[in-house]
Amino acid sequence: MYKDDGVIISQRKFMLDLLKKCNSLEHKACSSPLDPTIKLKAKEGAILQDPTYYRKLVGKLNFLTNTRLDIAYSVQHLSQFMQEPREPYLKAPFHLLRYLKNDPTLGIFMSKDGDHTVKAYCDSDWASCPVSRRSITGYLVLQGNNPIRLKSKKQETISLSSAEAKYRALRKVVGELVWLSRLFEELPVPLSLPISVFCDSQSALQIAKNPVLHGTTKHIEVDCHFVRDQLQAGLISLHHIRTDNQLADIITKDLTGIKHSATLGKFVVFTTPST
């Protein structure tokens, strides 16, 4: 969150107006953005008579992801049902609103410290979609402690293993870092190379570092060459990280309340005081 009075007041007002309009202020708050016991499936239940209501609600929640990275995965998940929203789908965004009720003014604090070090985290949730069995890619880029880029998105193709799914996530974040390095060069903004990239899959890191493509990895040969080229060029350096220290978990998985709070606590978040 940029510490600017106009932005703070605008975010607080938008959030409170949304909660009030949806009558969520009257309900008990939730500890996680989505209910882990409920799995939404395509074409399940009756079609909504007014689909625009669901679309507008999810659209407003999508706007909030600009300052609330903790709901990025949830909004990405709900956005998959925009084309043909059905009655069971409405429970999920209202559950998300009850989560936002915990602290409507919470947001990422953008620090003014002089740390310009860029680092990135990438992760995936293998075959998490119950219908298509496609995986979720998530990556997070930080400058110092400030999140500057993040993405939570379903992968375009089916990954045959968890290692492959994580490697595709690695490919996405490296592509983002290539673009970001060019942007920093044009601005200009100091950028220290190589950029550290953290992944919790030893297999994915070994694929990136191994110059030999085996039969099991040839179907992702283009991705392999791209990541390896950036590694050899010195743009990135690859590092293994323990799963419990993986910050990108919060934008790739539906975490329970305790795990969600623990991961969010590793970010510099800022609660806006009331006026």
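How many cavities of 30 Å³ or more does a search of the whole structure find? I ran the search and got 2. I note at the start that this is a predicted model.

**Cavity entry.** I looked up the largest cavity and found a volume of about 50 Å³. Its lining includes Pro33, Leu34, Tyr73, Lys253 and Asp254. I sorted the lining residues by class and got 5 nonpolar, 2 polar and 3 charged.

Next I turned to the second largest pocket, with a volume of about 480 Å³. It is lined by 22 residues, of which Ile38, Lys39, Leu40, His77 and Asp254 are the closest to its centre. Helix H3 (72–78) and helix H4 (91–100) are the elements that give two or more residues to this lining. H4 gives the most, with 5 residues. By class I recorded 10 nonpolar, 4 polar and 8 charged residues in the lining of this pocket.

**Salt bridge entry.** I searched the whole structure for salt bridges and listed 13. One of them joins the side chains of Lys172 and Glu156 at 3.5 Å, N to O. Lys172 is in helix H5 (residues 162–186) and Glu156 is in the loop between strand S4 (146–154) and H5, so this pair ties together parts 16 residues apart in sequence.

I then checked Arg168 and Glu164, whose side chains meet in a salt bridge at 2.7 Å, N to O. Both lie in helix H5, 4 residues apart, about one turn of the helix. Arg168 and Glu164 are both buried.

Last, I looked at Asp249 and Lys253, which form a salt bridge at 2.9 Å, N to O. Salt bridges with shared partners join Asp123, Lys166, Asp200, Asp249, Lys253 and Lys259 into one network.

Methods. Residues numbered from 1 in each chain as written. Predicted model: local features only at pLDDT ≥ 70, side-chain atom pairs only at ≥ 80, totals over all residues. Heavy atoms only, no water. 1 Å grid on protein atoms, 1.4 Å probe; cavity = no way out; pocket = protein on both sides within 12 Å on 5 of 7 lines; lining within 4 Å. Points joined across faces, edges and corners; volume = space filled by probe spheres on them. Nonpolar A, V, L, I, M, F, W, Y, C, P; charged D, E, K, R; others polar. Salt bridge = Lys/Arg side-chain N within 4 Å of Asp/Glu carboxyl O. Buried < 20%, exposed > 50% of the residue type's maximum accessible area, 1.4 Å probe, protein only.
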